[in-house]
Amino acid sequence: MPTVTQGGTRLWRRMSAEASFKRWVLWLIATAVFVWCWQKISAGTEWSFVLDAPAQGADILDRMIPPEWGYAKTLGRPLWDTLNMATLGTMIAVVIAVPLAFLAAQNTTPSGLFARPFALFCIVASRSINSVIWALVLVLILGPGVLSGTIAIALRSVGFIGKLLYEAIEETDRRPRDAIASTGASQGQVIAYAVVPQIMPVFAGIAVFRWDINIRESTILGLVGAGGLGLQLNAAIGNLDWSHVSVILLAIFATVIVSEWVSARVRKAVT
Amino acid sequence: MAEAAPLAVGRTWRRPPFIANARLRWLLWIGVAVYLAAALGTLDLNWQRMAQGLERGQRFVSGFLPPDFSSRGEAIFEGVLESLWMAFAATVVGIVLSIPIGVGGARNLVPQPVYAVCRSIMAVSRTLPEILVAILFVKLFGFGTFAGFMTLTFATVGYFGKLLAEDIESANQAPLEAMRASGATWLQRLNYAVQPLVMPRAIGIAIYRLDMNFRESAVIGIVGAGGIGATLNTAFDRYEYPSAAAILLVIIVIVLGSEYLSAYCRRLVR
């Protein structure tokens, strides 16, 4: 226990002198880096705009309230599109991600030399690009619309579902696998009877969790032209229709909260 | 005995289904089928456009190749740096702000009203998608890194605060009790009983959030909030696809690098 002697009595200290010096140096470095970063940001900022922000904010808020409720009636179709992008995207992602996960998991992969690195690469590449960027690229190729959004959602979700699922497969208990294999079962039968039952609850949880995230993401994909509520939002902001913007924001808020609630309920039920 | 006991011979074992309730299972399947029919029916796919798109996609992909790192090299480098310091500053400020909010969101440390206020701040911050916040902040603060910095800070508060609050709530309560018994003030309890317990995980979360903020900075730049995303958007707007491909590759490499680095740092802390 680190102590110091002060006037003949030993006093308790939380850290030894060396440890507290190390901490002090770390703090110093972190502070210096932060100050440097802040200077960079500050140099690129028009401070008069920032000081003006509260007035601007109040102005926008003033135009947003009251929301033009009649506009909500036209949001049915975009809302449906948003839900479809998220749901169909998740379904496509599941179809692609499940085989990838089995290829990527150390204990089920048919070949650690080719299949596993390939599957891992697919998972990593999909995960490192945000769905907004996928959508930006896909809108250029496939044209604006729900399809681009669906595929963007799917491409991004493959990595997420694939990663969590292959980790779950690697964590399965190997005893049931050995038991089934010792009855003379083929590799496919071992997976069907020993691995799948073990990962099923995890899998359902992951899929629903990703669906929930996808709902949130698909509400904004329209900003880059991929359909759904975001498209309306972009148009409303472009037209400076702030009373419409507030209605759309509330719709997005409500959708996200409902999907989060559904996902929490389902995850609780399966685990 | 009227009936003979059922013989095991001749019966086959069937795997128990995942959803034990047969009615629920069938209802779910029917629901999925109906939904799929409705969704695909309204998708209004334009096959002609897609066929065009494939051809166009080919041209587009070939337009991307080879990635051109040099002609916009300086802008890419600037963009990456901008993203990095934006992410770092936002993480620092976000965490400083979220510590009081996180502590206030821990049920075992504060009275009910404080708890409710702090939890609702976190809920709002986590529910709003970052790109929406970015649009709003760009309108408020003007284009550039400051709007991006504010967006990432806002997002960090919700994320870090929530995880911190949950950590405090689930940490071992015995030291807290012991400190209270020794007559320690609230601040002393926080400093000596709570902080040492949650610190290692909090540092891990902070590193992870830095990583996340960098990734997000690539996206919010598209709506004008500075960083590598802004560079990417400029490249798309100017139809400089080889440069855009280069930027995408740079983003992938940095995201991967930062992910491994953050995983390594977190393991180091733990």
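A:Leu240 sits in the loop between α9 (229-238) and α10 (242-270) of chain A; helices here are DSSP runs of H or I with at least four residues, strands are runs of E with at least two, and both are numbered from the N terminus. Although it is not a glycine, A:Leu240 has a positive phi of about 55 degrees. Most residues other than glycine have a negative phi.

This is a predicted model, in which local features need pLDDT of at least 70 and side-chain atom pairs count only at pLDDT 80 or more, while totals for chains, interfaces and linings use all residues. Residues are numbered from 1 along each chain as its sequence is written, and chains are lettered from A and ligands numbered from 1 in the order in which they are written.

- A:Leu240 counts as exposed because 10 other C-beta atoms lie within 10 Å (the cut-off is 12 or fewer for exposed and 20 or more for buried, with partly exposed in between, using C-beta atoms placed from the backbone).
- Helix α1 (residues 17-43) of chain A reaches 39 Å from its first C-alpha to its last, close to the 39 Å expected for its 27 residues (1.5 Å times one less than the number of residues).
- α1(A) is hardly covered, with two buried residues among its 27.
- In α4(A), the buried residues are A:Ala119, A:Ile123, A:Ser126, A:Arg127 and A:Ser128.
- Those buried residues pack against α3 (76-104) and α6 of chain A, together with α10 of chain B.

**The hairpin**
- Strands β1 (residues 3-6) and β2 (residues 9-12) of chain A run antiparallel and are joined by four bridges (strands pair if DSSP finds at least two bridges between them).
- A:Thr5 has A:Arg10 as its bridge partner in β2(A).
- Two residues lie between the strands of this hairpin, and A:Gly7 in the turn has a positive phi of about 60 degrees.

**The nonpolar core**
- The largest nonpolar core has 131 residues, and those touching the most other members include A:Ala135, A:Leu165 and B:Phe137 (a core is a set of buried Ala, Val, Leu, Ile, Met, Phe, Trp, Tyr and Cys residues joined through C-beta atoms within 7 Å).
- Helix α6 (residues 146-170) of chain A gives the largest share of this core, 15 residues.
- Beyond its neighbours within four places in sequence, A:Leu165 is in contact with residues including A:Ala97, A:Ile199 and A:Phe203 (contact means C-beta atoms, placed from the backbone, within 7 Å).

**Where the chains meet**
- The contact takes 44 residues from chain A and 39 residues from chain B.

Methods. Contact = placed C-beta atoms within 7 Å.
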